[in-house]
Amino acid sequence: MFLFDKEKTGRIPSQHIFAEKPTEEWKITFKQEPIRCAESTPVIDKKGNLYFGSHNGSIYCMSPEGEIKWQFVTEYKVYSSPLLVDDKLYIGCNMSTLLSLNLEGELVWKYDGYLAFAKQSKLKRLFINGFNYLKYDYEFKKFMKINTWTSPNLVGKDAIAFVFYGLGLVLLDKNSGAVRWQKDLGSPSFHLAGVAVTTDNGMDKIAVCGQNSGLHLFDENGKLLWNNKAFSGSNAWANPSIDPEEQCIYHSESFYNKKSVVYKTDLNGKILWKQQFPFGCRASIAISRKNYVVFLGLNGTVYLLDKATGAELFSQPIASKDRGLWTSPSLMANDHILINTKKTVQKGSLICLSEKAETVWEINYAKALSVPVIDANGNLYTATWAGDFYKFKK
């Protein structure tokens, strides 16, 4: 799943580490025009097959040898990363849709969130769409589109949490796709952040950010436990993450590329600390097993922040200042950090940093926004915006 666990810590579950620069085993190129990429984090089954979405609108199954086993075609770019549970895939796609597929690429069920939105009252739809169009993005110089950005998460053993345009947070039965409950997250309702889940006192709790309504915590039955309001004009792009040891939530809010605030909040809603930065943020915060969290700024700099105080411990610029760190970091078993970067319009790299933000090794290739993953056999997989998908080994 996206960021590897229900808490979204960014901790790769494999015990394999790459202390030195890895060797390329193979590279495949998706040959379509225009070139599209796999920004989706792959999930890997017991046989080593990979499942991921692509900007060409397809969901793929690929063997460990790089052979495409099947392709499921949708209508629009697939940003979402799959969730693999009980030999079923759950993945967001199209305008606001969640799919369930089996491992042969056959549709089990789908929940069309945009169709569900269209069934609401005309007055409500007019209000939501009208409010969203007031939110002109001066950085992109366009109105926000209705896209599915988020990735699904598992609640309990048999429910899927997903955030839909115009609907908010919806909990679905994982076997049938039936709606269990739905919670509004405020306006504007083009919600971009997914959910983090943790178990507390025997019950799952769901942390989710509205686009401009702050951080919410729900229990598994849909009861709102608390909501910390966002600062005025903020955008919540990044998935919140939960420290499973400390039982606290890290999340960020941005004002375009001019300001961002990082928060640490306990499960009772108390803000333990917050830090402000003079640039935006799109990346989720990775939580190390040590004393720091990893925060990536759109200024192209990696920051290691002290868990206890939020103070900067170490930092290093590794990408261009023009939105070079859009992606989220992942952590190897030794807490060294893997990050894909954009250095120019076309060029980027995969970089490994130490716990002091020092460069351990770097592989230069095309710009890349995917989250690197390592499988149980010690193979590292990643993809670039040139349409290339890589497998590296030690």
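User: In the hairpin that β4 and β5 form, which residue in the turn has a positive phi of about 90°?

Analyst: This is a predicted model. In it, β4 and strand β5 (residues 68–73) pair in the antiparallel sense over 5 bridges. The hairpin leaves 5 residues between the two strands, and the turn residue with a positive phi of about 90° is Gly66.

User: Which residue in β5 is the bridge partner of Ile59?

Analyst: The pairing of β4 with β5 is antiparallel and is made over 5 bridges. Within β5, Ile59 has as its bridge partner Phe72.

User: How many residues lie between β3 and β4 in the hairpin they form?

Analyst: Strand β3 (residues 50–53) pairs with β4 in the antiparallel sense over 4 bridges. Across this pairing, Tyr51 stands opposite Cys61 in β4. Gly57, in the turn of the hairpin, has a positive phi of about 90°, and the number of residues between the strands is 4.

User: Is Ser81 buried or exposed?

Analyst: Ser81 lies in the loop between β5 and β6 (83–85). The cut-off for a buried residue is under 20% relative accessible area. Ser81 has 2% relative accessibility, so Ser81 counts as buried.

User: At what distance does the side chain of Ser81 reach the backbone nitrogen of Thr41?

Analyst: The loop between β5 and β6 holds Ser81. From there, its side chain reaches the backbone nitrogen of Thr41 at 2.8 Å.

User: Which residue in β34 does Tyr381 stand opposite?

Analyst: Strand β33 (residues 380–383) and strand β34 (residues 388–393) run antiparallel and are joined by 4 bridges. In β34, the residue opposite Tyr381 is Lys391.

User: What is the average twist from one strand to the next in the open sheet with the order β12-β13-β14-β15?

Analyst: The sheet has 4 strands and antiparallel pairing. β12 (153–155) and β15 (179–183) each have a single partner strand, so one side of each has no neighbour in the sheet. From one strand to the next, the twist averages 30°.

User: How many nonpolar residues are in the lining of the second largest pocket?

Analyst: The second largest pocket holds about 280 Å³ of space. It is lined by 15 residues, of which Pro13, Ile44, Ile374, Asp375 and Ala376 are the closest to its centre. β2 (43–44) and β32 (373–374) each supply at least two residues of this lining. Beside 3 polar and 3 charged residues, the nonpolar residues number 9.

Key:
Residues are numbered from 1 along each chain as its sequence is written. This is a predicted model: local features need pLDDT of at least 70, side-chain atom pairs count only at pLDDT 80 or more; totals for chains, interfaces and linings use all residues. Side-chain values use heavy atoms; hydrogens and water are left out. On a 1 Å grid over the protein atoms alone, a cavity is a set of points where a 1.4 Å probe fits but cannot get out, and a pocket is an open set with protein on both sides within 12 Å along at least five of seven lines; lining residues have an atom within 4 Å of a point. Grid points are joined across faces, edges and corners, and a volume is the space filled by probe spheres set on the points. Ala, Val, Leu, Ile, Met, Phe, Trp, Tyr, Cys and Pro count as nonpolar, Asp, Glu, Lys and Arg as charged, and the others, Gly among them, as polar. Two strands pair if DSSP finds at least two bridges between them. Axes are lines fitted to C-alpha atoms, for helices over the stretch in contact, and angles run from 0 to 180 degrees between N-to-C directions. Buried means under 20% relative accessible area, exposed over 50%, partly exposed in between (1.4 Å probe, protein chains only). A polar contact is a pair of N or O atoms within 3.5 Å; within protein, one must be able to donate a hydrogen and the other to accept it, and residues adjacent in sequence count only if both atoms are side-chain atoms.
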